[in-house]
Amino acid sequence: MQKQEEITSRLKQIFDLFLRENFLMTDNVYFEKLISHLQAKENASLLQAPFVIEWVDKCLTLITSDFHKVHPKVISFMLNIIGFMASNEWMILRLRELDIMHRMMSFMQANEQQFSPSIKLSCIRVMKVISNYSIGLAFQRMNRTWSVLIQYSSNEHTLYVVREARQLLFEMLYKFCDKMQDEAVTLEILSEIMKPIQDNVYITDNINVNASGEEERIHVNVDDNELLHKVTSAVDLLSYILQQTLVSEERTKIVSLLRDHNNIELNIWKLVEMTHNTYFTEKMLSALCSYHFALLLHEKILNPDCTEPPEQFTEFGLSFFNLIKFCIQRSDGINFVKMAVLHHILWKKLGSRAPKEIIIQDERVVFENQLICFHLLPLLFSMKFAKKMADESKSELFDTYIMKLLVMSCEQTLRLCYSVRDAFITPEGNTNGSLFTAELARKCVHSILSLEHIMDREQAITVCQALLYALREVVALSDASKSMHPEDCHGASTSNNYYDIYPRGADAIVNDPRVLHSVIVGLRTLIERFKITWKESVETIGLVNCLAYVLENCNMDATCTVQALKLVQLSVEHFLSPNMALLVDNLQGSALVCLGPIIVKRMHDTTWEVRDSALELAASIASISRIKFPAFQRFLIDVKIPPIVYEMAKHDSDPYVRASAYKCLSEMVSINSIWEDGLSQLDLVDHLLFVLYREHEDIVRAEAILTLGKIYDHRKIPSKYKNTLFSTLNFCVIGDHHWEVKVNALCFWRMEFHRQLKNQGMIDGVFPSVTFSKEHKKIVTLTDREIKLRIAKVLAEIQQYGYYGMMLKCLREEYAPEVLRILVAGIKMMNEKLNKYDFEIILSHIESLTPSAENTKTCPVFNKPGQQVSVDLDEDGTSINERQSNDVIESILNAQDMQLLEKTFESQMQINHADTQKRHIDEFYYKQFAVSVREWKEEVGKIDLDRLVVQQEEWFDCKDNLVCLLDDILNAIQRDANNEISDCY
């Protein structure tokens, strides 16, 4: 109760300050935070307090007289408060008593042009809330609030305002039309929406009057930008309303009212004739397309009185073909593609309500297949090499693919395809450069990719095949100036008269790097999303061959190279040629033989993205070579990729490339042949420890510790690095500032636990009844006492390297939730295992195995800031720096010339810091975390682990307390007021 009173008093004070003259707050985030808190259910009672509605009434009174008296953010805030209060039906009565809603609407309608977007958006949200009640709809009908929404739906406003206004306008229209059956109001709203179109289409003069009545002449201003801009907003709003009707599961009368009372189709066609501008034409054609779909759904599919067969779509099909034909006649390739995309999207919105196959003029077809044909036309017309091979009877695949396209197309589709051909290609066999462009081909591919989430698998395979043939054209074009043996590994062979093949000039499209990039991205996207293999598309067998040839081009754009490497990686991972499925022991006769030198060359590319992609490809090959395709192991060794990757990890200038190199090394470490033939001779462990201590880039350290973990798991790390290894791990958990490095280091420690327990005989988390003892070289029975002793050995071994002290320090000082989560999970897992046994007995075993404190020199558990363990001592206790100083003095006394003195200073006084920089952390760094298992257990028992994680997550999520937020707002207002006063001087 006391907290509620504190909130109420502070909130009342803030509300009063909001209405203060010359109110100013520079931090607008506080408004958003306060709105979020007041909107929450637990604070709903605050808005029912009398002072809130009194404040709203006072604020409305001020802005009605002069809205400049109140800050725009406060007006927006006030409107949001009205919306929150209106969500409570009981509060609507109170708002009605004070005439709040009527005053608000009068204010908005009187000053709509002067408001900021936030005020408009808040007003829309208020109207949206009250439209949920019948009394609210009556209020909106009485005040004609839709006029404000229509105004806000124009393109002159911000995106958020337009989106919210259109959404609310459709909801209002639907409720008046179909829920309340109020046709008069519906027609009034539709007439106001259509008014800009009606006013600007029917401009007439009265001339001679004959027996039949008045003759009218229509005046048309072609490409009047001002006029087109005026009607575009209305056309966009119409398209939105019509498309929203497609989502509705119930039939609506909105479409029939537009048809019968506004003659929408004819009016929009007249608008189309008023412009040759591509942008405005697209708007008009989109509205027509939306109208055709809405008419199909609500007047045929959902109409119980319709007598036509459900699959009879002749009228709809002819409307669609007319739109496509119009684009062809206008030589408008861009809108040709966009109309195919829009029809595809809207057809998918029909869902299961539309039949899979439809009938258009007595032909049964799949509508989506017709759309796919139109999508692919620019690519299909550029295929010269595939057509030449088919003419020479050297390729049955392309013939089969063309027959597939012919079978899936209806007569009207084929007629339009020939019309497109006539528009693209002249009778002499040359391409029309103004229409058949590389940009059009690129847009076709991108339009297909925009449909990937709604496209069926069958259509995706058809598109993928076309893209594969387009890629083959790139190879043929590149090979046109060279003669290559037909049995070459790339499989590209063509004659030197490639440029003369019909249609002449299409090679300019294939040769465009943007088209190549789009084709490669398209192939990668479709193969990855639809899991296409050579079983569905035999053409994919030659994909790696084509890409190998493409990648040999040194002049290829870097972005294309990156995408080509990624596509090769995808091809290797998802599908290879069928002979690879037999697990052959070599790659002879495959394009993969040529791929090795290409990867090596791309690893030395000047662009870091290319080097990074080459490393990712090498990592993928190494991953599948371990079990799936062992032949790749010899492939990697023969081209000497492992040492190259190691050198890139050490010396590459880009951190992302170095990180990818370590990731690649992680995949190679577990492969015996690669380790024995190359990696085992490298100073890999030494360098990784150096990286974890000295590297500045977080992503590199995070990958380096994973690589070190792979080596520790699969190989044997030299014993001389053991102390340094665990000191480095503790340093990564405590001293590193990046949470991912800390998490990876903790996972390394967890792996060490599992390894130690496995060495003591644990299998799948439990100790068996008998096991083989490496220590005694015989099979031993694991009694309860023996198991406890073995667990004690593991805990004592871990204790030796400061694991428990490190964990305690991390629990007390760590703030990253990701680190705390994995740390707490590890502690719970350990406690769960230890609780199965008598922990006191295990502790006694540990203490018997651990040297006494008198015989060991350990440092305190937690040092003071800056305190370090003294490790730079000789056996006699003399510091190294002191000994070096003595040597310097002796060398100075014995020096005879300045050069010798200079060399002495450089070598003995360590002037060259780079040469004397410590390579690794001190190997005894872990000693400062020395804590016994018993102490660790007692300290952990005092900490609420779950609460600790929750607190850190709340802190990171910035979940403010409302009282604290109100205090911050009061302080901010006071601070801004003081700053305003100080700025006057």
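Axes are lines fitted to C-alpha atoms, for helices over the stretch in contact, and the angles between them run from 0 to 180 degrees between N-to-C directions. The model is predicted, so that local features need pLDDT of at least 70 and side-chain atom pairs count only at pLDDT 80 or more, while totals for chains, interfaces and linings use all residues. Residues are numbered from 1 along each chain as its sequence is written, and side-chain values use heavy atoms, with hydrogens and water left out.

The axes of helix 34 (residues 684-694) and helix 36 come within 10 Å and cross at roughly 25°, helices being DSSP runs of H or I of at least four residues, numbered from the N terminus. Because angles under 35 degrees count as roughly parallel, helix 34 is roughly parallel to helix 36. Contact (heavy atoms within 4.5 Å) is made here by L689, L692 and Y693 of helix 34 with T724, L725, T728, F731 and C732 of helix 36.

Helix 36 (722-734) is also among the elements that cover the buried residues of helix 37, together with helices including helix 35 (698-714) and helix 38 (784-800). Those buried residues (under 20% relative accessible area, 1.4 Å probe, protein chains only) include V741, L746, F748, W749 and F753, and also K742 and E752. At 1.5 Å a residue, the 21 residues of helix 37 (residues 739-759) should span 30 Å, which agrees with the 30 Å between its end C-alpha atoms, the expected span being 1.5 Å times one less than the number of residues. Helix 37 is followed by G761, whose phi is positive, near 110°.

Key
Helix = DSSP H or I, 4+ residues; strand = E, 2+ residues; numbered from the N terminus. Buried < 20%, exposed > 50% of the residue type's maximum accessible area, 1.4 Å probe, protein only. Parallel < 35°, antiparallel > 145°, perpendicular 65-115°, else oblique.
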